Amino acid sequence: FEPSKSEPDIWMRRNGNVYEYIAVYVDDLAIAAKDPKDITDILMSKHKFKLKGTGPIEFHLGCDFFRDEEGVLCFAPRKYIDKLIMSYERMFGSKPKTNKITSPLVKGDHPEIDDSMFLEEEGIQQYQSLIGQLQWAISLGRFDIAVAIMTMSAFRSAPREGHLDRVKRICGYLSKMRHSAIRIRTEEPDYSGIP
């Protein structure tokens, strides 16, 4: 295996007419190969790795992988969002509000001109914790909240009550839209003719 030129944590090799991959993140591996068991056996016996085994990917780094009703491979951080909502409930004593929320932030909102009260220490910690959790949700594929979280991250050092309300809204949006997923359709575009 050689590291990819575009991403050194993805190792690849040609095996006949396909490429095989090992994606590395700290101490987690995801392997896509003709026979992943051959690779894991070598890693365990020769290099003393402790691995969980092989099979279709179902969960990796907080993200769920599954096939939809059409058999298309999908990924979504569903279990992660459930944990985020449980964290929210521990912080605030209730689930986030979801009714009438159709977007992460209100259209035309300007959080930079919010003049509500600055948060006390506990509120700042809650705000920063939620921002961190929501940033990981983006890393796991929830790109629909990226702009909202980037916007709200600018207020991490001195958030106001109105800023926390906006982050709570984003949590409500994620809770309402928790079943959204990214579908991996490998037939389009067709790169089979490119060397």
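**Cysteines and burial**

Biologist: Why is Cys 171 called buried?

Modeller: Its relative accessible area is 0%, and a residue counts as buried under 20%, as exposed over 50% and as partly exposed in between, with a 1.4 Å probe and protein chains only. Cys 171 therefore falls in the buried class. The model is a predicted one, in which local features need pLDDT of at least 70 and side-chain atom pairs pLDDT 80 or more, while totals for chains, interfaces and linings use all residues. Residues are numbered from 1 along each chain as its sequence is written, and side-chain values use heavy atoms, without hydrogens or water.

Biologist: How do you know whether the sulfur of Cys 171 is bonded or too far for a bond?

Modeller: The closest cysteine sulfur, in Cys 63, is 18 Å away, whereas a disulfide requires two cysteine sulfur atoms within 2.5 Å. The sulfur of Cys 171 is therefore too far for a bond. The structure holds zero disulfides. Cys 74 is in none either, its nearest cysteine sulfur, again that of Cys 63, being 11 Å away. Cys 74 is buried, at 2% relative accessibility.

**Aromatic pairs**

Biologist: How many aromatic pairs does a search of the whole structure find, and what makes Tyr 25 and Trp 136 a pair?

Modeller: The search finds three. The rings of Tyr 25 and Trp 136 are 6.0 Å apart, centre to centre, with 45° between the planes. Rings of Phe, Tyr and Trp (its six-membered ring) pair if their centres lie within 6.5 Å; planes under 30 degrees apart are stacked, over 60 edge-to-face, and the rest tilted. The distance therefore makes Tyr 25 and Trp 136 a pair, and the angle makes it tilted. This pair links distant parts of the chain, since Tyr 25 is in strand β3 (residues 18-25) and Trp 136 in helix α3 (residues 121-139), 111 residues apart. Tyr 25 is partly exposed at 40%, as is Trp 136 at 28%.

Biologist: Which charged end sits over the ring of Phe 92?

Modeller: That of Lys 168, 4.2 Å from the ring centre. The criterion is NZ of Lys or CZ of Arg within 6 Å of the ring centre and within 35 degrees of the ring normal. The charged end of Arg 160 likewise sits over the ring of Phe 118, at 3.8 Å from its centre.

**Chain as a whole**

Biologist: What is the order of the elements from the N terminus on?

Modeller: The order is β-β-β-β-α-β-β-β-α-α-α-α-β, with five helices and eight strands in the chain. Helices (H or I, at least four residues) and strands (E, at least two) are DSSP runs, numbered from the N terminus.

Biologist: How do you know whether the chain is spread out or a compact globule?

Modeller: Its radius of gyration is 21 Å, well over the 16 Å that the globule rule gives for 195 residues, so the chain is more spread out than a compact globule. The radius is taken over C-alpha atoms, and the rule is 2.2 Å times the number of residues to the power 0.38. The C-alpha atoms fill a box of roughly 65 × 40 × 30 Å along the principal axes. Buried residues make up 33% of the 195.

**Individual residues**

Biologist: Which residues is Thr 40 in contact with, leaving aside its neighbours within four places in sequence?

Modeller: Ile 31, Leu 51 and Thr 54 are its contacts, contact being heavy atoms within 4.5 Å. Thr 40 is found in helix α1 (residues 36-45) and, at 4% relative accessibility, counts as buried.
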